[in-house]
Amino acid sequence: MTYERAGHEKSEMGREPRHGKNVVHELKALLEALAIPGPYVFVAHSAGCLYARIFVDVFPEDVSGMI
């Protein structure tokens, strides 16, 4: 699955300020709404690496790896 953060590519901007913790909470809510079970392996590039790292810090039990 690929994920486009709010305000990027074809995604709408969203209502919350665009800082790391809001981004990872939005991603967590999306994963739960889609019933995609963890733990997750993140494959990230550029700014996505920062968000993946924040996700690990906020939800460490939901991540099994990061590339």
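Start by selecting S46, which is exposed at a relative accessible area of 56% (exposed means over 50% relative accessible area, buried under 20%, and partly exposed in between, with a 1.4 Å probe and protein chains only). S46 sits in the loop between β1 and α2, the helix of residues 47–58. Check its backbone too: phi of S46 is near 60°, a positive value in a residue other than glycine. Most residues other than glycine have a negative phi, and most peptide bonds are trans.

A word on the model before moving on. This is a predicted model, in which local features need pLDDT of at least 70 and side-chain atom pairs count only at pLDDT 80 or more, while totals for chains, interfaces and linings use all residues. Residues are numbered from 1 along each chain as its sequence is written, and side-chain values use heavy atoms, with hydrogens and water left out.

Now zoom out and colour by secondary structure. You will find two helices and two strands, arranged along the sequence as α-β-α-β. Helices (H or I, at least four residues) and strands (E, at least two) are DSSP runs, numbered from the N terminus.

Next, select α1, residues 20–33. This helix has 14 residues and reaches 20 Å from its first C-alpha to its last, close to the 20 Å expected at 1.5 Å a residue (the expected span is 1.5 Å times one less than the number of residues). Show the side chains of G20, N22, V23, V24, L27, K28 and L31, which are buried in α1. An α-helix has 3.6 residues a turn, so residues three or four places apart point the same way. The buried residues of α1 pack against β1 and α2.

Stay with V24 for a moment. Leaving aside neighbours within four places in sequence, V24 is in contact with Y51, I54, F55, V58 and F59, where contact means heavy atoms within 4.5 Å.

Now follow the chain out of α1. Select A35, in the loop between α1 and β1. Is A35 buried or exposed? At 63% relative accessibility, A35 is exposed. Its phi is positive, near 55°.

Further along that loop is P39. Select G38 with P39 and look at the bond between them: a cis peptide bond, with omega about 0°.

Step on to V41, in strand β1, residues 40–42. V41 is exposed, with a relative accessible area of 52%.

Finish with the whole surface. The protein exposes about 4800 Å², and carbon and sulfur atoms supply 56% of it; areas come from the Shrake-Rupley method with a 1.4 Å probe, and for residues only the protein chains shown count as cover. Buried residues make up 31% of the 67 residues.
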